[in-house]
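Here is a brief report on one protein chain. Look at the fold first, then at one helix pair and one surface patch.

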Amino acid sequence: MEEKITKSRTYGTRPRGHYIKVFVTSKELAEIQEKSTKSGLSMSAFLRTVALNQKVRSALDLDAVVDIVKVNGDLGRVAGLLKLWLAEKRGQGASPIAVESLMNDFRMLQKQMADLMHKAVRGPR
């Protein structure tokens with residue numbers, strides 16, 4: 001690797017006056033480009049993150065969080081409809097134990113989804 005010193009410049013929020021020239025094959029370059037694109041980072045930011053042994057987050061993780069948020073919202077709406085049904089029908093057609101069990105299942109699923117969203121965004125707790 002060859003290090004070149006250039007005139008001090010500011011890219012983003014930090015002044016960066018050095019760059020590193022790295023020789024790679026065409027296949028390696030394509031793989032690096034693909035991985036940086038999947039992570040949502042520029043190639044420079046991706047390589048810096050990897051070289052400094054920091055965790056690279058995939059942009060796909062954030063897409064998964066958006067999907068989980070939508071499912072979580074749907075689950076909340078279903079629970080709301082159940083609550084409305086209970087208020088209007090006073091539990092007709094279902095035992096109180098079955099309804100309470102279902103509500104507990106909703107709460108457990110919402111907690112699991114919140115944990116998954118947190119893990120995808122910030123890593124394990």
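The text below moves from the whole chain to local features.

**Overall fold**

The model is predicted. Its secondary structure comes to four helices and two strands. From the N terminus on, the order is β-β-α-α-α-α. The table gives values for the whole protein.

| Property | Value |
|---|---|
| Residues that count as buried | 15% of 125 residues |
| Contacts joining residues at least 24 apart, among those at least 6 apart in sequence | 33% |
| Accessible surface | about 10,000 Å² |
| Share of that surface belonging to carbon and sulfur atoms | 60% |

**Helix 1 against helix 2**

Two packed helices are described by the angle between their axes and the distance between the axes. Helix 1 spans residues 26-39, and helix 2 covers residues 43-51. Their axes lie 9 Å apart, and the packing angle is about 95°. Angles of 65 to 115 degrees count as roughly perpendicular, so helix 1 and helix 2 are roughly perpendicular to each other.

Which residues meet here? Helix 1 contributes L29, I32, Q33, K35, S36 and S39. Helix 2 contributes M43, F46 and L47.

**A nonpolar surface patch**

L29 also belongs to a nonpolar patch on the surface, along with I20, V22 and V24. Together these residues have about 330 Å² of accessible area. V24 sits in the loop between strand 2 (14-21) and helix 1. Is V24 buried, partly exposed or exposed? Its relative accessible area is 39%.

Notes:
Residues numbered from 1 in each chain as written. Predicted model: local features only at pLDDT ≥ 70, side-chain atom pairs only at ≥ 80, totals over all residues. Heavy atoms only, no water. Patch = residues over 30% accessible without salt bridge, like charges linked within 9 Å, V, L, I, M, F, W, Y side chains within 5 Å. Areas by Shrake-Rupley, 256 points an atom, 1.4 Å probe, with all protein chains shown as cover. Salt bridge = Lys/Arg side-chain N within 4 Å of Asp/Glu carboxyl O. Buried < 20%, exposed > 50% of the residue type's maximum accessible area, 1.4 Å probe, protein only. Axes fitted to C-alpha atoms, helices over the stretch in contact; angles between N-to-C directions. Parallel < 35°, antiparallel > 145°, perpendicular 65-115°, else oblique. Contact = heavy atoms within 4.5 Å.
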